[in-house]
Amino acid sequence: MLLKSKILQSLHEDHANQLQLLSLIELEIGKLTKIGRAANFEMISLALEYCVDFPGRYHHPKEDLIYETLIKRDPDIAIRAIALTEEHHKLNALTREFATAVGEAIDGKNVNHLQLTADRFLKLYRCHIDIEEAEVFPRVNRALTKEDWIAIDQAYSDSNDPLFGEHTRQSYIVLQQRIVERAALS
Ligand SMILES: [Fe+2]
Ligand SMILES: [Fe+2]
């Protein structure tokens, strides 16, 4: 699909990055049930910190504004668009819950709760991205006007992605290297 807006294109690219991050989290969580393989809690914590830092602060709020505009242009998709906006709040809450569960597991408490929280987080995140990509972004692409995109662009100035952007933040370098290594293997 040819995306007419640069903003939508960059949100689409964010999704590919987020999916890479989710696979890395899944891989680390999977080690909890494998004998002799220790999960890298530092890597999981960094990945969750990033979810708050960038998707939570920039990607989701930008989508919220786009969906608000979409509902005006294409009311038939309103139920879906509202549900996605609500899911952004759920994802933020679930990210915090997941981070707390990681902290508890580091302290040797309740690893089972960590696995369940991770499953819920991964399922909701992936399902959310699937719906955006398959159903909602094509409608956004069709319905929003040039003026809409100018207004959205003015409302949200672009920020550098601290992990996948041009300048990776120092604290994320270890995570970025791990993602690059995994990408090279696949
Ligand atoms: Fe979203
Ligand atoms: Fe998204």
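Are Glu-63 and Glu-132 buried or exposed? Both residues are buried (under 20% relative accessible area, with exposed over 50% and partly exposed in between, for a 1.4 Å probe and protein chains only). The model is predicted, and local features need pLDDT of at least 70, side-chain atom pairs 80 or more, while totals for chains, interfaces and linings use all residues. Residues are numbered from 1 along each chain as its sequence is written, chains are lettered from A and ligands numbered from 1 in the order written, and side-chain values use heavy atoms, without hydrogens and water.

The iron ion (ligand 1) is coordinated by Glu-63 (OE), His-88 (NE2), His-128 (NE2) and Glu-132 (OE), at 1.9 to 2.1 Å. Donors are N, O and S atoms within 2.8 Å of the metal (3.2 Å for Na, K and Ca); water is not among the atoms, so sites may look incomplete. Along the chain, the donors of ligand 1 follow the spacing E-x24-H-x39-H-x3-E. Glu-63 lies in helix 3 and Glu-132 in helix 5 (residues 111–143), 69 residues apart, and the pair links these distant parts of the chain. Helices are DSSP runs (H or I, at least four residues), numbered from the N terminus.

The iron ion (ligand 2) is held by His-15 (NE2), His-59 (NE2), Glu-63 (OE) and Glu-132 (OE), at 2.0 to 2.2 Å. Glu-63 bridges ligand 2 and ligand 1, which lie 3.1 Å apart. His-15 is in helix 1 (residues 6–30) and Glu-63 in helix 3 (residues 55–73), so this pair ties together parts 48 residues apart in sequence. His-15 counts as buried, at 1% relative accessibility. For Glu-63, the relative accessible area is 0%.

Conventions:
Helices (H or I, at least four residues) and strands (E, at least two) are DSSP runs, numbered from the N terminus.
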